[in-house]
Structure formats: C-alpha cells, structure tokens
Amino acid sequence: MVVKIRQNTIVEQVLGNVKELIANGTFKVGDKIPTEVELTQMFGVGRSSVREALKILQYLGIIQMHPSKGTFVCDCSNLSREVVSWAILLGKRDFFELMGVRGAIESSSLRILFSRKDISDNEWENLVNSLKKSWEKMVGTDSIDVFIAEDYGFHETIIKYSNNSVFIDVYHTLRSFMHEEIKRSFTSAAGNHLDKVHNEHASILRFIEEKKPEKAYEWLSTHLENIDERVRHSFSGYKKK
C-alpha cells in the first residue's frame, strides 16, 4: 500500500499517518513498527522525512528506537512531560482551568485508590505513613516554602498510589505552572487561615486511614473548593495593589 502525501507538509503528514496507524490498532503498544525503508515505501515519501518524523515521535515518547532491535511503540507511561508542558504553555490556559484539571486528577486518583483490589495491607500502611509525615511537617513548619512542598507531597502521594503514571506526570507539570500562585495564596492566608488547611488535610488523612472512601472524598472535595476560594481571594488582593 502506498499513501500519497502532499509535498508541502511531508513530515507533519508522516506523523499524522503514524498516529492514525496507532489509533486504529495497526501498530499496538509493544509492536515493532516497519523500518525507515518500509515506511518510506508505505507513505511514498523520502527517507529523510520519515527519519525526521521518527525522531519527533521518539522525543514525544511515543516510540522508542533500539538500534540493534528496531523501533517499538511505547505505552503511555513513556510519554514526555514536555508534551503537556508545551500544550499548557502555548495554550495560555486560564489559571483556574488548570486548578480544575488538578482537582479532577486528585479526585479521580482517590476514587481509583479506594477501588484498587491489588493493594496490600503493607502498601496501605506505607500510604498512610507517607501522608502522616507530610501532614506533620506542614503543621510543624514556619516556612511557607516547606509548607507548600509538603502540601504538594501529600496530594502527590494519593495520586502516586492510584498507580496512574499519566496522572502523576501531568500533576508534576501542573505544579510547575501553579507554584507561584499557590505560594501567594498561602502567604496571604498565613497567620489566620493555615490552621484550616491543616485540619482539611487531617480529615482527608483520617478517613483514608479508616478506609472510608465517601468521607475521604467529601473532605478532599471541600479542600479543593477552599483552595480555589483562597487563590481567588489572593488574586483579588493582588490586583488591587
């Protein structure tokens, strides 16, 4: 089969055709894809265009090239964080849209965590201990930077134990984009509101430890709503200055 490609966007269309072949199941995760020569014949283009497209796909984490074995389709855990970073940066997403994505990831992670059938008692104990350590450090510090780091660590632990590698990669990317705004909101709340943040985390921790999913989810939802409110309040104060 020869797929004719317009010469003005050769590399882009090679990318599109490879994507379509992955999407329709012709190339599955773990499959060895055709060689450069075979793809050149399949798409009816020059070998240099195919080579360039494959380099891009490897950078994105969609394929992995092994010189002695061939080129293979990766699973989603190999996707480059750069994909998400550039999508957010170039899309100029509203900050509160990103907050919504973060909340959706955390809520889904908690649901997945409680639905896991393969989690052992030992693993659950490790989860609870990690959450406790983050919470204790949050309560015990006077440093906003440490507080924020442990706050993120607390939520990251929940996401980590959902065993969804895409969630954790996106969460890390969101953290880099949201850090300064979150810091400003916590700074403006310091002295009279951080105790509420402590209590919210304590409630989430308590119901995870007691394995009460609905209560844990209820408190996580309350916490996420309050984060949104605190950030909006700090935005308002910032703009008035």
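Which residues line the second largest pocket? They are Lys32, Ile33, Pro34, Thr35, Glu36, Leu54, Met65, His66, Pro67, Gly70 and Thr71. The structure is a predicted model, in which local features need pLDDT of at least 70, side-chain atom pairs count only at pLDDT 80 or more, and totals for chains, interfaces and linings use all residues. Residues are numbered from 1 along each chain as its sequence is written, and side-chain values use heavy atoms, with hydrogens and water left out.

**The second largest pocket**

- The space in this pocket is about 170 Å³.
- A pocket is an open set of points on a 1 Å grid over the protein atoms alone, where a 1.4 Å probe fits, with protein on both sides within 12 Å along at least five of seven lines; lining residues have an atom within 4 Å of a point.
- Strands β1 (63-66) and β2 (70-73) each supply at least two residues of the lining; strands are DSSP runs of E with at least two residues, and helices are runs of H or I with at least four.
- The lining has five nonpolar, four polar and two charged residues.

- Val29 sits in the loop between α1 (10-23) and α2 (36-43).
- Val29 counts as exposed because its relative accessibility is 58%; exposed means over 50% relative accessible area, buried under 20%, and partly exposed in between, with a 1.4 Å probe and protein chains only.
- From C-alpha to C-alpha, Val29 and Phe72 are 7.7 Å apart in space, although 43 residues separate them in sequence.
- Apart from neighbours within four places in sequence, Val29 is in contact (heavy atoms within 4.5 Å) with Val73, Cys74 and Asp75.

**Helix α5**

- Helix α5 (residues 95-115) has 21 residues and reaches 31 Å from its first C-alpha to its last, close to the 30 Å expected at 1.5 Å a residue.
- Its buried residues include Phe95, Leu98, Arg102 and Leu113.

**Aromatic pairs**

- The whole structure holds two aromatic pairs; rings pair if their centres lie within 6.5 Å, and planes under 30 degrees apart count as stacked, over 60 as edge-to-face and the rest as tilted.
- The pair of Phe114 and Trp124 is tilted, because the ring centres are 5.5 Å apart and the planes stand at 55 degrees.
- Phe114 is in helix α5 and Trp124 in helix α6 (residues 121-140), 10 residues apart.
- Trp124 is buried, at 8% relative accessibility.
- Tyr152 and Tyr171 form an edge-to-face pair, 5.9 Å centre to centre with 65 degrees between the planes.
- Tyr152 lies in helix α7 (residues 144-160) and Tyr171 in helix α8 (residues 165-189), so this pair ties together parts 19 residues apart in sequence.
- Tyr152 is buried at 1% relative accessibility, and Tyr171 is buried at 1%.

How values were computed: Expected span 1.5 Å × (residues − 1). Points joined across faces, edges and corners; volume = space filled by probe spheres on them. Nonpolar A, V, L, I, M, F, W, Y, C, P; charged D, E, K, R; others polar. Phe/Tyr/Trp six-rings, centres within 6.5 Å; stacked < 30°, edge-to-face > 60°.
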